[in-house]
Amino acid sequence: MLKPVKYLFCVAALAASSSYAAPTNTSYEVIEEPAMRAPEATSAAMLKLAQTDERTFAVGDYGIVLFRDNQDAQWQQAEVDTSVLLTSVDFADNQHGWAVGHHGVIIHTNDAGETWQRQLDGFDILELQKVAFEQQLQEFEAELETADDATAEELAFEIENIEYELESLAFALESEGPTRPLLSVFAINKDEILVAAAYGLMLKSSDGGASWQVISNRLDNERGYHYNAFAYDGTYTYVAAESGTFYRSPDRGESWEQVDFPYNGSLFGAHIDNNNRLWVYGLRGNVFYSDDQAESFTRVTAGTRVNLSGSTLTAKGNSVVVGHSGVIAIFNPNGTLIQLTEHVSGDVLTDVVAHDDGSFTLVGQGGLLSFIAPALPVETAPANEQTPAPTAAQGQE
Amino acid sequence: MPANFNEQQAPLVERLLFSSRPLWIIAFTLLTLFLGYHASQVRPEASFTKMIPTNHEFIQNYFKHQDDLASLGNVVRIAVESKNGDIFTAEYQKTLQEITDEVFFIPGVNRSGLRSVWTPNVRWSEVTEEGFVGGPVIPDSWDASEESLEQLRTNILKSGEVGNLVANNFESALIYVPLDETNPDTGEPLDYQQFSEQLERLVRDKYQSEDVAIHITGFAKVIGDLIEGAQQVGLFFLLALGITLVMLFGYCRCWRSALSVLGCSIIAVIWQLGIIKLIGSGINPYSMLVPFLVFAIGVSHGVQIINALGNFRVDGFDKTQAARLAFRSLYIAGFVALVSDAIGFTTLMVIDIEVIQELAIAASIGVAVVVLTNLGLLPILMSYFGVSDRGINYQTKVRQEEHGVLHFFARFAQPKWAYGAIGVALVMLCWGLYYGQQMKIGDLDAGAPELRPDSRYNLDNKFIVDNYSSSTDIFVVMAETAPEMCIAYDNLEVMDRFSWHMENTPGVQDVKSIVYVAKMGGFGLNEGNLKWYSLNRNKYVINANVNRAPPGLINPDCSMAPIIIYLNDHKAETLKQVVASVHEFNSQYQEEGLELLMAAGNSGIEAATNAVIETAQVKMLLWVYGVVIVLCFIAFRSIRTVLCIVLPLAFTTVMSQGLMAVLGIGVKVATLPVIALGVGIGVDYGIYIYTKVKEGLQQGMPLYETYQMALESTGKAVGFTGLTLAIGVATWMFSPIKFQADMGILLTFMFLWNMLGALILIPALARLFRVGSVHKK
């Protein structure tokens, strides 16, 4: 009697082990793979720049974080414990910074950017989302018991939505894994960090990233538009998003309201200039500014039809916006285009920072680039070169 | 008349040969006609698979996926350059349109894959609020006006074709012409020669003008140019023929003898070609050297015959007797020498590359044929023709004179000169060893290494490399998966890591594969937002992202995706580094269900060839020297003698390696066999000279006198042989094909150097090793 049972058990175990073989034997996980020390790091696709008082940072493909001391021309590659495409970086102060990227990865540094460690990844986020949805589901179900017919119908619809979300979360957790990239990070201070992501996901930490909260339900975004970028004017926190959606929060992400935006194309970035003017830009050369904290917007003539994806302020307070085809557009504080040039590389540019000596660092698909704006009123840009390769960071090899 | 001609002493072969001379002549004539017919059917061919080490792991992997990789590699690029100004003129665009149409109709062109500014599959696109918009680069309203030219310029900028179909400086445009390996209608393989000729006639000849320059590159063009260049080799053969005839006449002053030797040697070549055709083997640009060798070897042995024959005539024998005595005195030596040549050549069979093996077979057959024609037919013919009186008189005169050159070489048997020569040789040996260290494996020049760096093809290639963003040195790694898994997320992610690993390998310019397309798809399908330039775990997203993948980046059942690595050059070190880097990655990351296999692409195949050549080089040298040492030991039974004969050969080998390093000639398919050929033929000299030296020493003569005697009998012929062999191959230096020129330079050097080495170092070494004193006992 015992023998066949034991035999059956063995077969079952075998079957189980073979059906699990495929996912568990997959050795390579991009989330957990430390970034390769790469001689060509400066030529990998780079997406975002950040500056502290002491350093300039760039993040991009293959988990690459590059940094450079302000007095130093040499870029160095930081030690990073992930290899995902990093999409955004921000520092709360000289020491504390965060970078986010694909596969839901959030990394953090507390040594001025020399080493970075994962604080959260997409699998964690799936769990967080699951908890958040389950919580909401419970709340709705409790409400449903006391609700009148009209609300009940609405609640039933919401519950159905949440159940669908939970189902797809279960699928993602079980087999697919995280598919939604994080697109922007904003370190308000060294405790409060906001992270914006694709498909209407928003995260916040209030303890320096030790724990994270899904705050998506604080924003009205039924269609799940992507949140592309943050801006902060000391009072309001702004989020530029897909298809001309725009949000602001008066209390650093606790509550949000959607504001009307005069354009329905996607918005890729925003910044605040020295006069507290809010600049927003996006698809096809569309640039706007607002002097009343996003109550109303004025269209700016940018003279280009390319996608604009990054911006910065110069020492003189001019706004520089960069985009596809190497386009660099410089506006004076009045909102007038004063210079439109193309970087010789013709690269897809994604971000720019200005340095005290009047030069710019640019990033894009071809990696790090440098640029010196010609003295006005010259029409076209002079030649410029690729920045030199980084040397290894201290303590390496 | 010293009538001591002894019929009874005549060996069986001699009696067989001379008893029925007319019969033999008829037989030789018939055979020559028969083989000549077949020889005339021989066409030069350049089969790609024969030039590569087909059993190497890389090549086996490549063969496994050859069909899937076909669309990737076999492409011709035609750059149409505007010589004055940029491409945005009505006349230029008209020319470009006409050439595109012309190319479209050339048989062998894959019409759906044909791309130029003027084909409808080249489109511009941009992202708008509503999504993608786009259209063909040539505006629908094209009327060659300024406005449409301006529209064209804008569209080209938006198409992302700058650097691909349009030069970075806008002064030329490309027509990208993928080829079908087999004709889809007839199933016949592409005739490269014909295709290449049509390109020349219908494109270059027709459209090249003061305003427009045409530049054509691609494998099909290389092969076409190779075959075309190979046909010029016929001219070199005529040249070698002419020079040899003059030298022969200078040597014997008898037209009958000279023409007989020449004729028999040509018959040997005809036979060799005919036999090659009959056994189903062909002649390729490498084995084209063989007829030259066979001819030269034929001449050198023929010279021995007429030299001996003349001597017997001077001694007073009639022409038939002289012919028979010449045969009798030489047939064993000649036979042994030719057999040792043949064995020397067959050692090349250890190299696992078919063209080299074909060359070995062809050379062995050729040498065997020389035994019949120049040791058999030649004496028979000469028994009819006889040496002219002028020739006999000249030979009589030469005999009586003290020969200055011979006297000079004889001195090296004297101690002072012997040690001096050895000292000089040692110094040169150090030079050879020093530079030999720097000898490189593989091809060292840019472009198509088969052709000369300044050939039209390589200039065209340089134009395209300089003006477009594409390298022509391509190393392909094949990512092999289970069917339908080639774009599975897990596999793509490892391939992405691999691409990045390779991009950080020195010598790598760029890496492209389906991974790049998938990442670009993410970027393109998300409103051109570069933040989406990444792989997604969702399979539907991946499918959508790779939807617009160009053909060839995944195979039809999605079990293989080529990862194309563009290199700075194809130097052996670069290739080695790339191969090592791939191995390093493979040992670090082992993904279940994914194998990253080397290698395809011209550089991948060259990496395999280099690897085979590098190991074969040592193996071949061991074999060829092993064979030579054994043969010499059997012949002379003395280690000292073997040293005397082999050391000059080794000296030549070292010196030629030094020469290769200095001249920038790499060890490759073409030059590797040359070393074996040089040693194989070089050992003849030593055998001839030493045989006579041995005879003298056994009679108790001192070394100096012995050597003088050896020089007078065989030494003179050795000198002449060295020169004829050298001239036979020296004409190759003018070949438009680089590797043929390299072969020519090296062989000429080796033949001359071996000759000098034999004439100078053999007596010197004999003195050093006190060979004479041994024999005296």
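In this predicted model, B:Cys558 is partly exposed, with 17 other C-beta atoms within 10 Å. That count falls between the limits of 12 or fewer for an exposed residue and 20 or more for a buried one, so the intermediate label applies. B:Cys558 belongs to the loop that runs between α20 (539-545) and β8 (560-567) of chain B. Its backbone is worth a look too: phi of B:Cys558 is near 55°, a positive value in a residue other than glycine. Most residues other than glycine have a negative phi, and most peptide bonds are trans.

A:Ser243 sits in the loop between β15 (237-241) and β16 (246-249) of chain A, and with 17 C-beta neighbours inside 10 Å it counts as partly exposed. Back in chain B, the peptide bond that joins B:Met598 and B:Ala599 is cis, with omega about -5°. B:Ala599 is part of strand β9 (residues 594-600) of chain B.

Five of the five residues of β19(A) are buried, so the strand is largely enclosed by the rest of the structure. In a regular strand the side chains alternate between the two faces of the sheet. In β19(A), A:Leu278, A:Val280 and A:Gly282 point one way, while A:Trp279 and A:Tyr281 point the other way, and all are buried.

On one side of the pairing pattern, strand β18 (residues 267-272) of chain A is joined to β19(A) by five bridges, and the two run antiparallel. Within this pair, A:Gly269 has A:Tyr281 of β19(A) as its bridge partner. The two strands form a hairpin with five residues between them, and in the turn A:Asn276 has a positive phi of about 65°. β19(A) also pairs with strand β20 (residues 287-290) of chain A, in the antiparallel sense and over four bridges. The hairpin of β19(A) and β20(A) has four residues between the strands, and A:Arg284 takes a positive phi near 50° in it.

Further along chain A, three strands form an open sheet in the order β26-β27-β28, with antiparallel pairing. Strands β26 (349-354) and β28 (367-372) of chain A stand at the edges with a single partner strand each, so one side of each is left without a neighbour in the sheet. From one strand to the next, the twist averages 25°. Strand β27 (residues 359-364) of chain A is joined to β28(A) by six bridges, and these two strands run antiparallel. Two phenylalanines face each other across strands in this sheet, since A:Phe360 stands opposite A:Phe371 in β28(A). Strands of a sheet pair through backbone hydrogen bonds, either parallel or antiparallel.

At the level of domains, chain A is divided into domain 1 (41-121 + 178-392) and domain 2 (126-176). The C-alpha centres of these two domains of chain A lie 34 Å apart. Five residues of domain 1 of chain A are in contact with seven residues of domain 2 of chain A. On the domain 1 side of this contact, the residues divide into three nonpolar, two polar and no charged. A "coiled-coil region" is placed by UniProt, in an unreviewed entry, at residues 123-150 of chain A. In the model, this stretch of chain A is 93% helix and 0% strand, and its end C-alpha atoms are 37 Å apart.

Chain B is divided into domain 1 (1-29 + 232-401), domain 2 (73-228), domain 3 (408-437 + 638-777) and domain 4 (456-602). Taken over C-alpha atoms, the centres of domain 3 and domain 4 of chain B are separated by 52 Å.

Finally, the two chains meet: 27 residues of chain B are in contact with 34 residues of chain A. On the chain B side, the elements that give two or more residues are β2 (123-128) and α18 (489-503) of chain B. Of these, α18(B) gives the most, with seven residues. The residues on the side of chain B that touches chain A divide into eight nonpolar, nine polar and ten charged.

Definitions and conventions:
Residues are numbered from 1 along each chain as its sequence is written. Chains are lettered from A and ligands numbered from 1 in the order in which they are written. This is a predicted model: local features need pLDDT of at least 70, side-chain atom pairs count only at pLDDT 80 or more; totals for chains, interfaces and linings use all residues. Axes are lines fitted to C-alpha atoms, for helices over the stretch in contact, and angles run from 0 to 180 degrees between N-to-C directions. UniProt positions are given in the numbering used here, feature names are shortened, and annotations may be inferred rather than shown by experiment. Domain bounds come from an automatic or database domain assignment. Ala, Val, Leu, Ile, Met, Phe, Trp, Tyr, Cys and Pro count as nonpolar, Asp, Glu, Lys and Arg as charged, and the others, Gly among them, as polar.
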